[in-house]
Amino acid sequence: MDALLTALADPARWRLVTLLAERPRPVGVLAQLAEARQPQTTKHLQTLERAGVVTSQRSGQRRVYALQAAPLRELAAALIRLADTAEQAGGSRETYDRYGLSLQAERLAAEEPGWADGRSFRFHRSLTAGPEEVWRHLTETSLLARWWTPDDLRVSELVFEARPGGRIVHEYRDIEDADGSDPVAGRALGVVEDVRPGEHLAYRLSPLLADGGPAFTAHLDLGLRPTDTGSELDVRFRVTDSTIDSADFIAGIEIGFGQSLDKLAATLTAGPRNTEQTKIAENGTRTRSTE
């Protein structure tokens, strides 16, 4: 397949393929129709023959070339499979498209500093674990690292000091960036404000721009209630100190934080160490927790 793609990528060879699709033709005629020199045309045809897309045979003093349809059909089928995969409903592509729409809207709205101040997002999840276990996943870095990123990302550095005034550092990378060679996907710094174990957690967190300055300040207020089957988690996410450049971040809040909470719910349902996603999330993560 690689040889075929390489052969077809050249415009001159593609022209010869289109001519041979009409009928078998000798080298001299192909050179005339392609408006090319015959030695160059011969070299291109030899490349196509080695790739399996054309065949040739001697006829008197001429060498006649013909197109092989089967390799083209195989390539077409492979391209169709790729297109079908890209268009599958749900998954990362749907998230990418949703974020793109949100990004356009937020960038249009971001005309001056403070443009998004007061913006509030609310999230709710019914969880299968009791408040004590959920609390551990909200405050212990080894457990936070399993879920505290959107899909396709992993926590690469995490500090969460679960006490009033405690420090927060949250850095994340692409989930497939195993060696850290790709730029950091995001980094945020924050402070814990209120800690009532099993009941209430509040902190503020500021995602950082490329220059190291804060994009905005997120004020997160998390409340836990016990139920007969587990816990109810309510989250309020409020924006202040928004800069013009914060549009890219704010566009992803509803999608990204929602995905993180979905991962929390799935982690609690599956058990502490029972998913491949958990193993990936823990890989290469630097964590520190102080209570």
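Colleague: Which residue is the bridge partner of T55 in β3?

Modeller: In this predicted model, the bridge partner of T55 in β3 is A66. Further along, R58 stands opposite R63 of β3.

Colleague: How do you know that β2 and β3 pair?

Modeller: Two strands count as paired if there are at least two bridges between them, and β2 and β3, the latter covering residues 62-67, are joined in the antiparallel sense over six bridges; therefore they meet the cut-off of at least two bridges. The two strands also form a hairpin with two residues between them, and G60 in the turn has a positive phi of about 65°.

Colleague: What makes β1 a partner of β3?

Modeller: β1 and β3 pair in the antiparallel sense over two bridges, and because the cut-off is at least two bridges, this pair qualifies. Within the pairing, P26 has V64 of β3 as its bridge partner.

Colleague: Why are β1 and β2 called edge strands?

Modeller: The three strands form an open, antiparallel sheet in the order β1-β3-β2. In that sheet β1 (25-26) and β2 (54-59) each pair on one side only, and that is what marks them as the edge strands.

Colleague: How do you know that β7 pairs with β6 and with β8?

Modeller: Six bridges join β6 to β7, which run antiparallel, and V169 stands opposite L189 in β7. Eight bridges join β7 to β8, again antiparallel, with V191 standing opposite R204 in β8. In the hairpin of β7 and β8, with three residues between the strands, G198 takes a positive phi near 80°.

Colleague: Which residues make the contact of α2 with α3?

Modeller: R15, L16, L19 and L20 in α2 meet L30, L33 and A34 in α3, where contact requires heavy atoms within 4.5 Å. These residues divide into six nonpolar, no polar and one charged; Arg counts as charged, whereas Leu and Ala count as nonpolar, so R15 is the charged residue of this contact.

Colleague: At what angle do the axes of α2 and α3 cross, and is the crossing left-handed or right-handed?

Modeller: The axes of α2 (residues 11-22) and α3 (residues 27-34) come within 10 Å and cross at roughly 115°, and α2 passes α3 in a right-handed crossing.

Colleague: What makes up the lining of the largest pocket?

Modeller: The largest pocket, with a volume of about 1,100 Å³, is lined by 36 residues, of which P150, L153, Y172, G252 and G256 lie nearest its centre. Among the elements that give two or more residues to this lining are β6 (167-174), β7 (186-196) and β8 (200-207), while the largest share, seven residues, comes from α6.

Colleague: How do the residues of that lining divide into nonpolar, polar and charged?

Modeller: The lining of the largest pocket holds 21 nonpolar, 11 polar and four charged residues.

Note on methods
Residues are numbered from 1 along each chain as its sequence is written. This is a predicted model: local features need pLDDT of at least 70, side-chain atom pairs count only at pLDDT 80 or more; totals for chains, interfaces and linings use all residues. Side-chain values use heavy atoms; hydrogens and water are left out. Helices (H or I, at least four residues) and strands (E, at least two) are DSSP runs, numbered from the N terminus. Axes are lines fitted to C-alpha atoms, for helices over the stretch in contact, and angles run from 0 to 180 degrees between N-to-C directions. A crossing is left-handed if the near helix is turned anticlockwise from the far one by less than a right angle, and right-handed if clockwise. On a 1 Å grid over the protein atoms alone, a cavity is a set of points where a 1.4 Å probe fits but cannot get out, and a pocket is an open set with protein on both sides within 12 Å along at least five of seven lines; lining residues have an atom within 4 Å of a point. Grid points are joined across faces, edges and corners, and a volume is the space filled by probe spheres set on the points.
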